[in-house]
Amino acid sequence: MPTRKPSDVIVVGAGVVGAACAYYAALAGLSVTVVDRGPVAGGTTGAGEGNLLVSDKEPGPELELALLATTLWRELADLLPPQVEYEAKGGLVVASGESGMRALREFAARQEKAGVTAQEVPGDRLHDLEPHLAPGLAGGFLYPQDAQVMPAHAAARLLRAGGDRIRLHLGEEVTALLTGPGGEIRGVRTTAGDLHAPHVVNAAGTWGGTLAELAGVHLPVLPRRGFVLVTEPLPRVVRHKVYAADYVADVASGSAALQTSAVVEGTPAGPVLIGASRERVGFDRTLSTEVLRRLAAGATALFPVLGTVRAIRTYLGFRPYLPDHLPAIGPDPRAPGLLHACGHEGAGIGLAPVTGLVVAACLTGAEPPLDIHPFRPDRFPAPESTPAP
Amino acid sequence: MTTSPSEPGAPRARNTRDDTYDLAVVGAGSAGLAGAVTAAGLGLSVALLDASAHTGGQFYRHPAPALGAVRPEALHHDWSAFSDLRRRLAESSVTHLSGHHVWSTVPEADGTWTVHAVTGADGAAERPARVRARALLLATGAYERQLPFPGWTLPGVVGAGGAQAMLKSGLVLPGRRIVVAGSGPLLLAVASSLAAAGARVPAVVEAAGYLRYARSPRALVTNPRKAAEALVHGAALLRHRVRVLPGRAVTEVHGTDRVEAVTVSRLDGDWRPLPGTGRRIACDALAVGHGLVPQIELATAVGCATRPLPDGTLGLALDDLQETSVAGLWAAGETGGVGGAELARTEGEVAGIAIAARLRGRQGATGRTAGLRRRRDRMRAFADVMATAHAPGPGWTAWLDDDTDVCRCEEVPAGRVREAVADLGARDARTVKLLTRAGMGWCQGRMCGTAVACLAARDGVAEPPSERRPFAVPVSLAALAALEGTADTPHPEAP
């Protein structure tokens, strides 16, 4: 039976970000209670491909997070059991024409100044890296720092690695935040009773905005839907994470309309995963054949050999999207005791460890490993309240 | 070729907007056939899609004509009802699209439906096909529920429904001495077919106790045909000296390369095997099944509401005229809960009348179907009694060793599922799948879904697996890519 004893911190959300926050807080000596209304990895974590990418990020605060995260993931890979399936497979971004190649070259040059390793691959060398790529591509860039993990195991094994300092309360939904006389956070009320702690970390992912609301603060996390198409198991036909150059533009876009770009990668278990689509349609779980058509068309254009391969399932998830595409990480000055660790959009798996490290530093009063000002949770102006009619 | 003139060389799916059918029916078993011919008889243009080359579905599965079966009806009761439907189909204007594997149905903005199928999926020339219709009737039937046990992956262990299907379509027996086991009314039918076809059936091992039927005498009395059916099977079993062993289960299969014997154990009221009661029965095959699971993924993919059934499965929630919670989408037969061919036929007819009334803008379906609906409700009540009587008890997982494979596709043993629940924070079939790969393989959890859900349930009572399975059949990427697309959305921020 999980106890309801007070702890040093309550983490709301048992996805990979919540798990990493709990792990690093436990590592720093804190006792942690993790509460989730569902199971471990039941939300967006369970719907992710497990990308740890630097290749798709412009120089800026998110790339700084990602670079630190790649180092942390390498450490974690040695520490966590092999089920986490950490694989430093490298990313390969390809361009079909010369103008696309020029844009990639310019983008990579800026990334290299920020510390990213990017190697130009001429068109006639692409098949050394990916023998089944379509012929006639202009070239591409190889990003050896890109890696992949199995997201659900990443979350589950991080929680286990925290040992006795982490207590799990699954199947309990947070219905209110408990506060003291000065408005300071004292814990949470769940469907199974009260849990007490002087700090609460909002790691509720796509539902982080709702939790913030319970604390009376504004954090505009919106769902950005994505589909992944999964093929029957295959011998390794795709070795890297391979994507077309327009993916970067799609990731950076704020448009609500449907965007798709081909992202193809193999997995240790055999199936090939095909992404990526982005659209803002709320929490609509309806299958979109148009998305599937575009994903299949994009993947077979990059890898014609996949044409005869069958898709056996597709799944969807809701990326937690904030308007400026940066996550909210750190203490919320509007609600003393509340910290946020959400809004990572499609990069939550990759950025989880660095987020956890920052949160643990904030909880223990240590210096965060990087400047967290760009991620401050109160950076979005509250919408003008309209008087009730 | 065989049967109706509309079967071979059926017209290709119409592909233009103007060629929208009034009704598309998915599934040409009892429910679908009845719905299609009823609606066509009321003046609707109807397309009837089915994966098989023949009509009849699973229940009226029959040999390919090339096998030269003289009397395919010998293996069926109620064959006349089917031949009647088949005759009506041949005389109707229904477009029968055989060999169409439907993988998705999509509601369009203008209120019509697009049915996506692939043809030739069994061979090399796989091609996408599309049918548009103003209304949709899903009659996709059910598939067999399996509960694993030590040794269930040995050659010689077949599904009870599968054994019946092999017999009906190929006139093949899975062995010479066949134990029939599991739970549900199908077992008696399977055992009597196998015995009639010449196999020795040393025992029918039924996990439930038949006493549970006695708790609902009213449903029994008002369904005399069902009682008669049971008597027919019972008499056949007596004639072939087949023992029925209620309250017992096959808890282990023995053999090295194939089945040599099974251990049958007594169960307590929760289906937990009672220690020391195991008895060996020699056999060379085991036909096993635990009832049927409604095949509803096409409907749940578009958000249709479901209802939990008394046997722990999920069926579609339907209104009094067979419409789902999604307007314009009707369902009939096993999709609303397993109840047999006669119920399916009745529901198909109700749906056909209701759809015609809706499309023709007329009231009156309620009045015209009053008698049919009364019959349906009576048979549904009986189906619920059966489902309750044969619901797996929560103790059945006790006959699983930790090293018994639960998921055959991905070779995931029970112990790994238990670990995911106890140590890793899984609480449902979905997270078990993510953490163990159980259900991720070729069958997409159709085989192991029930077992995984039961093992994931902490209090022993599994929630019916509610996860959506968007592809009703696997589809090649080339076929997906060839779907008619909409114009690309411009990328505002793209260079």
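Predicted model: local features only at pLDDT ≥ 70, side-chain atom pairs only at ≥ 80, totals over all residues.
**Exercise 1. Decide whether strand E4 of chain A is buried or exposed, and work out which strands pair with E4(A).**

Step one is to go through residues 91-95 of chain A. Five of the five are buried, so E4(A) is largely enclosed by the rest of the structure.

Step two is to check the faces. In a regular strand, side chains alternate between the two faces of the sheet. On one side of E4(A) sit Gly91(A), Val93(A) and Ala95(A), and on the other Leu92(A) and Val94(A); both faces are covered.

Step three is the pairing. Strands of a sheet pair through backbone hydrogen bonds, in a parallel or antiparallel way. E4(A) and strand E6 (residues 139-143) of chain A run antiparallel, joined by five bridges. For a landmark here, pick Val93(A), whose bridge partner in E6(A) is Phe141(A). With strand E14 (residues 241-244) of chain A, the run is parallel and there are four bridges. The landmark this time is Leu92(A), bridged to Val242(A) in E14(A).

**Exercise 2. Get an overview of chain B: its elements, its burial and its domains.**

Begin with the elements: chain B has 14 helices and 22 strands. Then burial: of the 495 residues in chain B, 54% are buried. Then the reach of the contacts. Take those between residues at least 6 apart in sequence; 67% of them join residues at least 24 apart.

For the domains, the assignment gives domain 1 (17-143 + 293-368), domain 2 (146-290) and domain 3 (400-456) of chain B. The C-alpha centres of domain 1 and domain 3 of chain B are separated by 32 Å.

**Exercise 3. Work out the strand order of the open three-stranded sheet in chain B, and say which strands stand at its edges.**

The order is E12-E13-E14 (chain B), with antiparallel pairing. Strand E12 (248-254) and strand E14 (279-282) of chain B each have a single partner strand, so they are the edges and one side of each has no neighbour in the sheet. From one strand to the next, the twist averages 35 degrees. To zoom in on one pair, take E12(B) and strand E13 (residues 261-266) of chain B, which share six bridges. One of the landmarks is His254(B), bridged to Ala261(B) in E13(B).

**Exercise 4. Look up the annotated stretch at 406-453 of chain B, then find what covers helix H13(B).**

The unreviewed UniProt entry labels residues 406-453 of chain B as "domain: BFD-like [2Fe-2S]-binding". Across that stretch the chain is 48% helix and 8% strand, and 11 Å lie between the end C-alpha atoms.

Now take H13(B), residues 449-456. Eight of its eight residues are buried, among them Thr450(B), Val452(B), Cys454(B) and Leu455(B). The cover includes strand E20 (405-407), helix H11 (414-423) and helix H12 (429-436) of chain B.

**Exercise 5. Describe how chain B touches chain A.**

Count the residues: 38 from chain B are in contact with 46 from chain A. Next, ask which elements of chain B give two or more residues to this side; they are strand E4 (100-107), H12, strand E22 (475-476) and helix H14 (477-481).

Strand E17 (residues 310-321) of chain A and E22(B) pair antiparallel over two bridges, and Arg310(A) has Ser476(B) as its bridge partner.

Terms used
Residues numbered from 1 in each chain as written. Chains lettered and ligands numbered in written order. UniProt positions renumbered as here; feature names shortened; annotations may be inferred. Buried ≥ 20, exposed ≤ 12 C-beta atoms within 10 Å, placed from the backbone. Contact = placed C-beta atoms within 7 Å. Pairing = 2+ DSSP bridges. Domains from an automatic or database assignment. Axes fitted to C-alpha atoms, helices over the stretch in contact; angles between N-to-C directions.
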